[in-house]
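Visitor: I am new to this structure. Please take one part and show me closely how it connects with the rest.

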Amino acid sequence: LFVLPLVGVAMLANTRPDLLYAVMDPESIEQFEAMYAPEGRLGDGRGAGGNVKMFAFYIRNNVGIDFQIFASGFVFGIGAILSLIYNGVHFGAVAGHFLAIGYEDQLFPFVAGHSSWELVAMVIAAVAGMRLGSLLVAPGRRSRSRALVEEAPRCLRLLLGAAAMTTLAAFIEGFWSAQPLPASVKYAVGAVMWLLVIAYLWLGGRRRAA
């Protein structure tokens, strides 16, 4: 629901960069392009106070998105499904657009460090909301109210875990992502972050389950 729209739209927008205008207004696109222009110096002059301010902004904005996606799943899971598809289309259009206009050298090193935590957290929040919403359709042998009461703690733990991951992503984005470091360093750190997330999701809970 998220990855396929992202990859598909990114490939399409790479040949049709104007597709970004279908998901973003021209003013926002202009601001994005100015921010990630090759001649720009992303984050220069922000200072420690600016980093803290951006960290707080990312927490408020991105954690809020996790909660919104989770809540949207209450309506039979439909809202969370649409949210994942929309975000896949949105991020894919942005990636394809910036590849097409040659701004990838600023954008991708910036997002490399925090993208794993942020994107996976968004999907987890959606899954938690879809889980609750699906109980309204198929509660099994339980009543709908009993199914919701019994499953709500598990889904809320997923949501809180997603919020914690997003908070970590906000910390990385606020204090690391905009630092003027070589792209190779940022890609290396980004790869390590993805490996950590994958390892946690793959191995987490196995000992307890055993």
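**A close look at helix α7**

Guide: Helix α6 (residues 115-137) and helix α7 pack with their axes 8 Å apart, at an angle of about 170°. Angles over 145 degrees count as roughly antiparallel. The two helices, α6 and α7, are therefore roughly antiparallel to each other. Look next at the residues in this contact. By class, the contact of α6 with α7 has 21 nonpolar residues, five charged ones and one polar one. Keep in mind that this is a predicted model.

Now turn to the charges. Side chains of opposite charge can pair when their charged atoms come close. The structure holds six salt bridges. One of them joins Arg142 and Glu150, with 2.8 Å from N to O. Both partners are partly exposed: Arg142 has a relative accessibility of 23%, and Glu150 has a relative accessible area of 38%.

Another salt bridge links Arg154 with Glu151. Here the closest N and O atoms are 3.6 Å apart. Both residues sit in helix α7, three residues apart, so about one helical turn separates them. Their surroundings can be read from the accessibility. Arg154 is partly exposed, at 49% relative accessibility. Glu151 is buried, at 8%. Buried means under 20% relative accessible area, so the value of 8% for Glu151 falls in that class. These residues also belong to a wider set. Salt bridges that share partners join Arg131, Arg142, Arg146, Glu150, Glu151 and Arg154 into one network.

Next come the rings. A pair of aromatic rings is described by the distance of the centres and the angle of the planes. The count comes to eight aromatic pairs. Phe55 and Phe171 form one that is edge-to-face. Their centres are 5.7 Å apart, and the planes stand at 90°. Phe55 lies in helix α3 (residues 47-72), while Phe171 lies in helix α7 (residues 144-177). The pair therefore ties together parts that are 116 residues apart in sequence. Phe171 is partly exposed, at 44% relative accessibility.

Stay with helix α3 for a moment. Lys53 lies in this helix too. Lys53 is exposed, with a relative accessible area of 62%. The C-alpha atoms of Lys53 and Gly174 are separated by 8.0 Å. Along the chain, Lys53 and Gly174 are 121 residues apart.

For context, look beyond α7. Ring pairs also link Phe32, Phe98 and Tyr103 into a cluster. Asp18 and Arg16 form a salt bridge, their closest N and O atoms 3.2 Å apart. Asp18 is partly exposed, at 41% relative accessibility. Arg16 is partly exposed as well, at 43%.

One more helix pair is worth a look. Two packed helices are described by the angle between their axes and the distance between the axes. The axes of helix α1 (residues 3-15) and helix α4 (residues 78-100) come within 7 Å and cross at roughly 30°. Angles under 35 degrees count as roughly parallel. Helices α1 and α4 are therefore roughly parallel to each other. The crossing of α1 past α4 is right-handed.

Back to α7 to finish. Its axis packs 8 Å from that of α6. Its residue Phe171 pairs with Phe55 of α3. Its residues Arg154 and Glu151 belong to the salt-bridge network.

Key:
Residues are numbered from 1 along each chain as its sequence is written. This is a predicted model: local features need pLDDT of at least 70, side-chain atom pairs count only at pLDDT 80 or more; totals for chains, interfaces and linings use all residues. Side-chain values use heavy atoms; hydrogens and water are left out. Rings of Phe, Tyr and Trp (its six-membered ring) pair if their centres lie within 6.5 Å; planes under 30 degrees apart count as stacked, over 60 as edge-to-face and the rest as tilted. Helices (H or I, at least four residues) and strands (E, at least two) are DSSP runs, numbered from the N terminus. Buried means under 20% relative accessible area, exposed over 50%, partly exposed in between (1.4 Å probe, protein chains only). A salt bridge is a side-chain nitrogen of Lys or Arg within 4 Å of a carboxyl oxygen of Asp or Glu. Axes are lines fitted to C-alpha atoms, for helices over the stretch in contact, and angles run from 0 to 180 degrees between N-to-C directions. Angles under 35 degrees count as roughly parallel, over 145 as roughly antiparallel, 65 to 115 as roughly perpendicular and the rest as oblique. Ala, Val, Leu, Ile, Met, Phe, Trp, Tyr, Cys and Pro count as nonpolar, Asp, Glu, Lys and Arg as charged, and the others, Gly among them, as polar. A crossing is left-handed if the near helix is turned anticlockwise from the far one by less than a right angle, and right-handed if clockwise.
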